[in-house]
Every structure is written in structure tokens, then in C-alpha cells.
Amino acid sequence: MANPGTALKREDWRLKSAQDLAALQNQILASRDPERPEIVVCHGSGCMANGSPKVTDALRAALTEAGIDAKVMPGIKTTGCQGFCSRGPLVLIRPQGLFYEQVKPKDVTEIVERTIMAGEPIERLLYKLPETGEPVLTEQEIPFYNLQQRIVLHNIGKIDPADITDTIAAGGYQALAQALTAMDPEQVVAEIEKSGLRGRGGAGFPTGRKWRSALNAVAKKGRPIYVVVNGDEGDPGAFMDRTIMEGDPHAVLEGLIIGAYALGASQGYLYVRAEYPLAIKHLEIAMSQARELGLLGENILNSGFSFEVQINRGAGAFVCGESTALFTSIEGKPGNPRPKYVRSVEEGLWGRPTVLNNVETWANIPLIIGNGSDWYAGLGVPHSTGTKVFSLVGKVNNVGLVEVPMGATISRIVEEIGGGVPDGSPFKAVQTGGPSGGCIPYHLKNTPVDFDSLTQAGSMMGSGAMIVMDEGDCVVDVGRYFLRFLEEESCGKCLPCRLGLTRMREILDNFSRGQGSEEDIEDLISLAQAVQDGALCALGTSAPNPVLTTIRYFKEEYLAHVRDRRCPAGVCKELITYAIDPELCTGCASCARQCPNNCISGEKKKPHVIDAALCIRCGICKETCKFDAVKVS
Amino acid sequence: MSHYAEALDEIMESYPGQPEYLIFMLQDIQAKYGYISKESMLLACDRAGVPLTQGYSVATFYQSFRLDPKGEHEIRVCSGTACHLKGSHRLVEALERRLGVKPGETTEDLRFTLNTVNCVGACALAPVVVVDETYQPNMSAKKLAKQLKTLDHELTIDTKEQGHG
């Protein structure tokens with residue numbers, strides 16, 4: 001990090017007032033030349049897994065080799081996830097704002113020579129509009145980006161998350177300064193109440209109301225009160241919170257400090273999933289840099305308010321995303337939930353009043369304080385204000401992170417922003433809310449995505465995973481998948497969840513083998529309702545959602561399994577057979593070489609056949625065949 | 001052994017001796033040794049001031065803790081929803097056939113540990129397999145077989161070199 005103390009021309013880096021912070025921002029901005037070229041490489045987890053660190057290294061080497069004059073030497077900046085994961089590794093060139101996709105280390109010499117030195121774009125690396133094939137130059141011309149409204153994600157992909165000066169240049173911590181110097185705690189709580197913000201973790205409880213109840217609890221029971229960030233993003237297919245923690249850790253921290261001030265907490269906790277090492281690292285860096293500047297710790301901005309925070313790494317238990325389980329985990333014990341006769345705002349961590357909010361909720365707080373509750377309440381729809389970040393994954397062209405105002409339709413997100421299903425056919429269903437959510441079928445594609453409309457459709461907002469399914473996906477298989485997941489993750493404390501989910505999964509196992517009857521479907525529904533009514537925590541009560549919604553919208557497919565012993569999507573192993581189409585087979589024998597059971601035979605350059613009696617239906621032949629000759633029926 | 005004890009002491013001393021730091025200690029032990037041995041569990045529980053039963057209750061509740069040594073290479077197949085839809089279960093089956101172990105188990109020669117992980121959040125690259133710490137995007141059974149062959153080859157060379165040394 002550049003020494004911010006030098007900018008302030010004093011040895012003690014600590015900022016002593018809101019004016020100090022504003023002065024630091026001005027000094028950082030003045031020291032930067034907006035016309036200086038800059039190469040921005042996405043170091044989100046998706047792009048990194050796709051090799052972006054190698055691109056960064058190659059760029060550094062190529063720039064040194066090119067011997068560019070130090071004055072015009074471009075800076076290289078690595079940022080959090082820019083969102084368009086399926087086109088990664090992504091590289092942006094400033095000041096022109098050129099957007100390059102799928103950049104490989106071998107492309108960097110050309111980028112340096114043609115774009116940096118000669119100022120011309122490289123067409124091959126530009127994004128092409130799918131309808132016309134026309135290349136576009138900048139991010140703003142790409143539908144994936146320009147149909148979004150990026151508010152929570154506004155800094156991500158632009159700032160270096162490991163350098164607080166970038167955050168401060170972008171206006172970071174000004175909402176905190178405003179809260180500490182110009183508002184009393186009561187005013188902060190009132191602003192959050194007026195904003196209409198609802199918790200982004202899944203259930204959508206009004207955040208302001210939660211804070212108010214916590215204040216009432218403190219009035220009764222006294223301090224301490226704790227504030228906690230739920231960063232245990234466990235829904236498979238969800239990576240919104242990880243992206244926020246990795247790409248803009250100060251936003252979460254600033255929100256938490258504002259909340260602590262409003263609620264009178266002096267200790268906070270960040271509970272982060274252990275599978276997110278980069279998020280943990282960036283939060284640690286952010287905490288230490290904020291501490292050095294006097295934005296965290298003793299006497300923040302000389303306001304007299306002090307606050308400390310600690311990171312707790314999760315240890316791989318999905319149920320710890322549930323509030324009471326998360327608290328027991330912070331206390332060092334197995335994360336078993338407890339009944340909520342007394343709500344956790346009154347009796348949470350160590351039996352004290354506690355406010356637990358999700359990462360995205362905390363990241364919204366500085367935006368509300370900085371821009372005002374009226375501005376925020378004007379976004380989205382009346383009962384679901386603001387925006388929501390979704391991770392759009394599965395059978396969709398533009399896999400990535402999407403932020404839209406609440407109330408945008410599924411069609412807008414999946415078809416317009418997501419570019420629809422790769423083969424151009426309509427999607428079959430969209431699964432929202434992860435293992436606790438449900439499947440919304442194509443005919444309901446105009447359902448607005450807000451807390452209440454999704455619940456009405458039998459699903460839920462959840463944390464924001466949106467999984468697109470096409471005709472090749474079987475609803476019975478998806479139901480089994482989620483049930484098996486929850487069965488493994490159930491803590492086992494209450495019977496409806498522990499045994500109920502197992503029995504439900506066994507019924508679905510039977511369906512996948514073509515066993516069972518129509519009555520079994522009815523039994524499954526009544527068992528599901530018993531689990532919903534009887535389970536102790538939200539893991540159990542919401543677990544039947546995927547099965548119940550698929551029965552509601554895709555009953556025919558369930559009937560095909562039990563009545564006709566047929567899996568229409570061609571997924572359930574025991575109901576399908578693999579065969580080679582002799583018209584399409586070229587006899588290349590690559591499938592035969594890969595077959596683990598040696599059951600494919602045939603003469604060279606003649607159509608091959610699969611011995612159905614020996615076939616274990618592993619699917620490797622289909623995956624291997626370049627001519628699409630292996631068919632499933 | 002004394003070196004081992006020293007490193008353990010260092011971990012213990014970096015946390016206050018309070019029950020809420022038990023998970024922190026176990027995580028550090030696991031990060032350093034790949035698993036939690038009986039000796040280290042005794043020490044951690046002693047330091048945190050909790051009974052041994054609580055130590056094992058914690059270690060068996062949370063998925064990330066292991067009580068037996070890990071193989072030289074760890075193969076983690078992502079079984080997140082996006083990876084599942086793109087056939088990650090078939091990859092697990094292929095690995096089970098090839099390595100002769102189930103997820104959570106280690107091969108007898110301690111070369112490979114097979115695991116599944118709920119979601120690594122790299123859904124754009126589904127199906128993803130994480131070999132040691134490297135993400136392998138868009139995996140297929142064929143690519144996996146190749147990858148294993150390379151790892152096997154490296155191991156053979158390692159053993160040979162050690163033999164010469």
C-alpha cells in the first residue's frame with residue numbers, strides 16, 4: 001500500500017476527523033493522472049482458476065521488456081471479480097475502457113505493442129455481440145453489463161481490494177464519517193428502517209426492525225451487544241458474498257462499523273466460510289489497513305467511539321449459516337441450532353443481544369447512509385427495496401454475477417442478461433434459493449424477483465443463487481441432489497430433519513430406479529409437509545421446497561418415472577441406455593479406448609456397438625465422442 | 001518429534017486458553033499437519049480448557065477436520081449444483097473406479113485422497129476439480145485420467161530420486 005501518511009504529511013497515519021478523510025481522498029485523487037494508461041486484470045476466483053495470475057505475470061514481463069518510458073508506463077491493477085466469469089480471464093485497458101475477454105498469456109505481447117504503445121484495439125480479444133457478431137469496445141456496450149444496475153458491486157472490478165487508498169479514492173468510509181460526526185445512533189437506525197432494506201441472507205427480515213428489536217433488548221438487559229457478519233455462504237452455486245468480501249472488503253467492514261455505532265456494540269465478528277481463503281485474506285488486510293488509518297479500533301475518527309472485530313473461519317458445516325448454529329460455532333462448539341423461543345436479537349452470542357446480518361446486507365449500509373434512505377427506497381419495488389446480487393450459473397450462456405433492482409423478472413435476468421440457454425432453446429426451470437429454494441418453470445418466467453413473489457411461487461429468494469436448468473436436467477435427480485446434500489448437512493438434533501430427509505431421499509431414489517407408485521408421490525408430499533412443520537431450524541423447514549416445487553410444476557416428469565419407468569431428461573442411470581448411432585459413428589474407437597468396462601467393440605473405421613449388458617452407464621463414451629454419435633434413450 | 005512438539009506449542013500459544021479458541025487451534029493444526037492426531041487433540045483440548053469429548057465432538061461435527069493422515073495429493077471434486085448438472089457425479093464415479101476409494105478416503109499407498117466439496121464457487125468453469133490447490137476447469141473423465149497419470153509419473157520420479165539419495 002502506498003503510505004497514506006505521506007499524503008497527509010505527518011508521521012501518525014491516523015485520521016482524526018471527517019475532514020482528514022476528505023483531505024486524504026483529495027490528495028490521493030490529485031496524485032493520480034486519469035489519463036495514465038492502466039491495465040486491469042480480474043483476479044476474482046473464477047478468472048484466477050482460469051489462469052489470470054499467469055496473464056498478470058506475463059503482462060509485467062512484457063511491459064518491462066518493451067522498455068516503455070517510466071512516465072507513460074501503465075500501471076497493472078488486479079481487482080476482485082468483474083462478474084462476467086464465463087468470458088474470463090478478463091482484462092480492461094484504461095483510459096479507453098477497452099474490454100478484452102479470454103485473454104491468454106500468449107496475447108500479452110500484442111496487447112502491449114498494439115494497444116498500449118499504438119493505442120489500437122485488438123479485435124480478436126473484444127466481446128462480440130451474439131446476434132450480429134459485431135465486436136464492441138467497452139464494457140458499457142455489452143448487454144450483460146449495461147442491463148444491470150451495479151450498486152453494491154459498484155467498486156468491485158475497479159478497485160484493488162488490498163489497497164485502502166483505492167477504496168478511499170472511491171469515497172469509501174465517508175458514510176462512516178458522516179454517521180459518526182453528523183448523526184446520532186438513533187438517526188442511523190431510523191435511516192435503515194426508512195430505507196426498507198431486508199436481509200439478503202434469504203428470509204428477507206427487515207433489517208431496521210431487527211436493529212430496533214436489538215436496541216429494545218439492550219434497554220432491558222444492558223450491554224454488551226454484538227454485531228456479526230454472516231459470511232458462511234453455503235448454498236451450492238452461490239458466490240455473491242464471496243465476491244463482495246474478496247472484491248470490496250472495506251464495504252462490509254464500513255457497514256459493520258456503522259451498525260456497531262448505531263447499536264452501541266464494541267465487538268464484532270466476521271464468520272467466513274473456510275473454503276474462501278482469498279476472502280479471509282482480503283478481509284484481514286482490510287482490517288489492518290483500516291486500523292492503521294484510525295477507521296477501526298480505539299476512538300474512530302476521534303469520535304470517542306471504539307470498535308474491534310475478529311474473523312472466525314467456518315469449518316465446513318452448512319448448518320452454521322443458521323443464526324443460532326453460527327453463534328454456537330463462534331463459541332467454539334459444534335454448530336447445533338437451538339429452538340428460537342427467544343429470538344437471537346435478545347439472546348444470541350454468549351446469551352447476549354446480537355445482530356447478525358448477511359455480507360450483502362452489511363455492504364448495503366454505507367450506501368444507505370451515504371445516499372439517504374429516500375434514494376435507496378426508490379430502488380426496486382415497494383416491499384423489496386434496493387438491488388439484489390445473483391450468481392447466475394448452470395445451463396446459461398453468460399455465467400457470472402449479476403446485480404439488478406428488486407422486482408426484475410426472471411426472464412430479464414436469465415434471458416436478457418444471461419443470454420439464455422446455450423443451445424437457444426427455452427430454459428426448463430430456474431432454481432432459486434439453493435437447497436432451501438424451489439424450481440420456477442419457464443411459463444412463470446415473468447415472475448418478478450422479489451422476496452414476496454418468489455415465496456408465492458413456492459420458492460424463496462435465498463442468498464441469490466440462480467441455477468438455470470434445460471431439458472437435459474431431470475427434476476427427480478435435482479430433488480435427490482438437494483436432499484442428499486441436506487441429509488449430509490443436517491446436524492441430527494431434531495427427528496423430522498434427521499429421519500424425514502432420509503426417508504424423502506429414499507423415496508426419490510426409488511423413483512430414479514423406476515420403482516414406486518403414484519401413491520408414493522402423495523406420501524412424499526405429506527412427509528415433506530411434516531418436515532416443514534416439525535423441524536427445529538430453517539435448514540429442515542425449508543428442505544422440502546425443491547421437491548415440493550418440482551412436484552407442483554413438473555408432476556408429469558415424476559409420473560414418467562414411476563408409471564412409465566422412463567427418465568425423459570435421460571439422466572437417471574437405471575432408466576437409460578446408451579447406444580451408438582451407426583449413421584454418425586466414424587469408427588474412430590476413441591470411446592472404446594476410454595470405456596472403463598471395455599464394452600464397446602467394432603472394426604476400425606466401422607460403426608461400433610455398446611454391449612448393453614455390460615454397460616455401467618458411466619457416460620464417458622458420450623463425453624468422449626466428437627461426432628455426437630452416442631445417444632441416450 | 002521434539003520439532004513437532006515445538007510447532008504445536010507455537011500454535012497453542014498463539015491463542016488465549018479459552019474454549020472459543022478450540023476451533024482456531026484445530027484449524028491451524030490441520031493446516032500444518034493435514035490432520036489432527038490424538039496427541040495434538042489432547043494438547044488443544046488441554047489448552048482450550050475443554051474435555052477431550054468436546055474436542056472430538058467438534059472435530060467430527062465439522063466436515064473440514066480429518067482425524068487420519070491425508071494422501072500426498074488431494075483431489076477434490078466440486079459437487080455444487082452447477083457442477084452436478086454438468087456431470088460432476090460421473091467424475092466422482094470415475095475416480096472411485098480408478099483409485100479404488102470412496103470420497104473421504106485415502107488410497108492405501110497414501111498417494112491420493114479423494115474428497116468432494118460442496119461448492120468452490122467457480123461455477124463458470126463447471127465441472128471443477130481441485131487437485132491439491134490448483135483449479136482444473138471444465139473437467140472430463142478423460143482429462144482426469146491424464147492428470148492422474150501425470151501425478152503418478154511425478155510420484156514415481158520422486159521415489160526414484162529418493163532411492164538414489
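**Chain B fold and selected backbone features**

Read from the N terminus, chain B of this predicted model has its elements in the order α-α-α-α-β-α-α-β-β-β-α. That comes to seven helices and four strands. The C-alpha trace of chain B covers about 50 × 45 × 25 Å along its principal axes. Of the 165 residues in chain B, 44% are buried. Among contacts in chain B with a separation of 6 or more, 59% are between residues 24 or more positions apart.

The four strands of chain B form an open sheet with mixed pairing, and their order across the sheet is E2-E1-E3-E4. E2 and strand E4 (134-136) of chain B are the edge strands, each pairing on one side only. From one strand to the next, the twist averages 25°. Within this sheet, strand E1 (residues 73-78) of chain B runs antiparallel to E3(B), and three bridges join the two. One position to look at is B:Ile75, which stands opposite B:Val131 in E3(B). Helix H6 (residues 88-99) of chain B packs on the sheet and touches E1, E2 and E3 of chain B. The direction of helix H6 of chain B makes about 150° with that of E1(B).

Chain B also has a cis peptide bond, which joins B:Ala126 and B:Pro127, with omega about -10°. B:Pro127 lies in the loop that connects strand E2 (112-117) to strand E3 (129-131) of chain B. In the sheet order E2-E1-E3-E4 of chain B, E1 stands between these two strands.

Chain A has a cis peptide bond as well: the one from A:Arg223 to A:Pro224, with omega near 0°. A:Pro224 sits in the loop between helix H10 (207-221) and strand E7 (226-231) of chain A.

Two residues of chain A other than glycine have a positive phi. For A:Arg565 the value is near 50°, and for A:Asn598 it is about 50°. A:Arg565 belongs to the loop between helix H24 (555-562) and strand E18 (578-580) of chain A. A:Asn598 is in the loop between helix H25 (590-594) and strand E19 (600-601) of chain A.

Are these two residues buried or exposed? A:Arg565 is partly exposed, because 15 other C-beta atoms lie within 10 Å. A:Asn598 has 10 C-beta neighbours inside 10 Å, so A:Asn598 counts as exposed. The cut-off for exposed is 12 or fewer such neighbours.

Terms used
Residues are numbered from 1 along each chain as its sequence is written. Chains are lettered from A and ligands numbered from 1 in the order in which they are written. This is a predicted model: local features need pLDDT of at least 70, side-chain atom pairs count only at pLDDT 80 or more; totals for chains, interfaces and linings use all residues. A residue is buried if 20 or more other C-beta atoms lie within 10 Å of its own, exposed if 12 or fewer, and partly exposed in between; C-beta atoms are placed from the backbone. Two residues are in contact if their C-beta atoms, placed from the backbone, lie within 7 Å. Two strands pair if DSSP finds at least two bridges between them. Axes are lines fitted to C-alpha atoms, for helices over the stretch in contact, and angles run from 0 to 180 degrees between N-to-C directions.
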